[in-house]
Amino acid sequence: MTAPGAVTQPAFVAALLLGAALMARALARRGQEVRRVRVVLAGTGHPGPWDCALPARIRAGIGRLVEAARHRRELLCLPVGCLVGLWGDSPLPPLAAVAAVPLVRRRLRARARRRARERRTEAVIELCGSVAGELRAGRQPGEAVRAFDGEALGPAWAAVSAAARFGGDVPAALREAGRQEGAEGLAGVAACWQAAVDGGAGLASGLERVGQALSVERDQREELAAQLAGTRSTAVMLALLPAVALAMGAALGADPLRVLLHTPAGLGCLALGGALEGAGLAWTRRIVRAAAGGGEGP
């Protein structure tokens, strides 16, 4: 009678090789950027404690791993899935890890977009306060705009600065920059600028009112996020309970992974549990998104 490990060994090796190939591809792509940076910065720093002890090829490999872990965190699913598959002697965890990579990547990109949106909102509020302060100090509007560091607003801010420097259409440039997520407040800045140019209204007072309104909206979002933090924490804790149960079962010597991955009843329980886990997370996220007015869920 063939042992379960012998039946699943070829499939496990294939899944392991697939995960290694995907990671190697990402590492090679990131390795090109690392080599460019090292060529540019060659000779500008001091050797680290490991530079003399490790060969150059090993140091380069470690650098690529660090860069991939920093910029491609979703690839960490692959070694975790391979380790779980090696522990449970099954190809299912590596295959599940490969399938989870695009999902985790999408989630990480959504989080990065949310953080960029928050940075743009903070930059618009800071812009209103900074320009209003410069105007009250006696500077011209164009000079006040050029003095502001709009790095958080991205390349679109360069067009605003250029329009202010060379006498272009500043309100149009502000509206164009305000199309970015989180920078919608620039439309109000553009309206204040247009009113000040056409009707001679006070630009500083208008910008202060816009900045105050944006600050109030930001504080409301932060308060709502603090109120929903408990719900998010509960959802995360409930999502991790199956893994904790598996670890406890393994500690007691029950070998739950072999039961789940090598028996028909275990595979059925695994499929049913995964479906219920996904449905629970989707339902919780829907509740949180509805409470947050369409914001990001857990």
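Modeller: Let us begin with R179, which in this predicted model has a relative accessibility of 68%; because the label "exposed" applies over 50%, R179 counts as exposed.

Colleague: What makes the pair of E176 and R179 a salt bridge?

Modeller: The closest N and O atoms of E176 and R179 are 3.3 Å apart, and the rule asks for a side-chain nitrogen of Lys or Arg within 4 Å of a carboxyl oxygen of Asp or Glu, so the pair qualifies as a salt bridge.

Colleague: How many salt bridges does the structure hold, and which parts of the chain does the pair of R136 and E208 link?

Modeller: There are nine salt bridges in the structure. In one of them the side chains of R136 and E208 meet at 2.9 Å, N to O, and this pair joins distant parts of the chain, since R136 belongs to helix 4 (residues 92-136) and E208 to helix 9 (residues 203-251), 72 residues apart. Against the cut-off of over 50%, R136 is exposed at 54%, whereas E208 is partly exposed at 37%.

Colleague: Why is Q180 called buried, and what does the side chain of Q180 reach?

Modeller: Q180 has a relative accessibility of 19%, and because buried means under 20%, Q180 receives that label, although its value should be read with the cut-off in mind. Q180 is placed in the loop between helix 7 (170-177) and helix 8 (186-199). Its side chain reaches the backbone oxygen of A177 at 3.1 Å, while a polar atom of the side chain of Q180 lies 2.9 Å from the backbone oxygen of L153. Neighbours within four places in sequence aside, Q180 is in contact with R120, L153 and A156.

Colleague: What makes the lining of the largest cavity nonpolar by class?

Modeller: The lining of the largest cavity has 11 nonpolar, no polar and no charged residues; among them are L127, C128, W157 and W193, and Leu, Cys and Trp count as nonpolar under the rule. The volume of this cavity is about 60 Å³, and one cavity of 30 Å³ or more is counted. Helix 4 gives the most to its lining, with three residues.

Colleague: How is the lining of the largest pocket divided by class, and which element gives the most to it?

Modeller: That lining has 32 nonpolar, four polar and seven charged residues, and helix 4 gives the most, with 14 residues. The largest pocket holds about 2100 Å³ of space; of the 43 residues that line it, the closest to its centre are A100, V104, A239, E277 and L281. Within that group, E277 is charged because Glu belongs to the charged class.

Note on methods
Residues numbered from 1 in each chain as written. Predicted model: local features only at pLDDT ≥ 70, side-chain atom pairs only at ≥ 80, totals over all residues. Heavy atoms only, no water. Helix = DSSP H or I, 4+ residues; strand = E, 2+ residues; numbered from the N terminus. Buried < 20%, exposed > 50% of the residue type's maximum accessible area, 1.4 Å probe, protein only. Polar contact = N/O pair within 3.5 Å; in protein donor to acceptor, adjacent residues only side chain to side chain. Contact = heavy atoms within 4.5 Å. 1 Å grid on protein atoms, 1.4 Å probe; cavity = no way out; pocket = protein on both sides within 12 Å on 5 of 7 lines; lining within 4 Å. Points joined across faces, edges and corners; volume = space filled by probe spheres on them.
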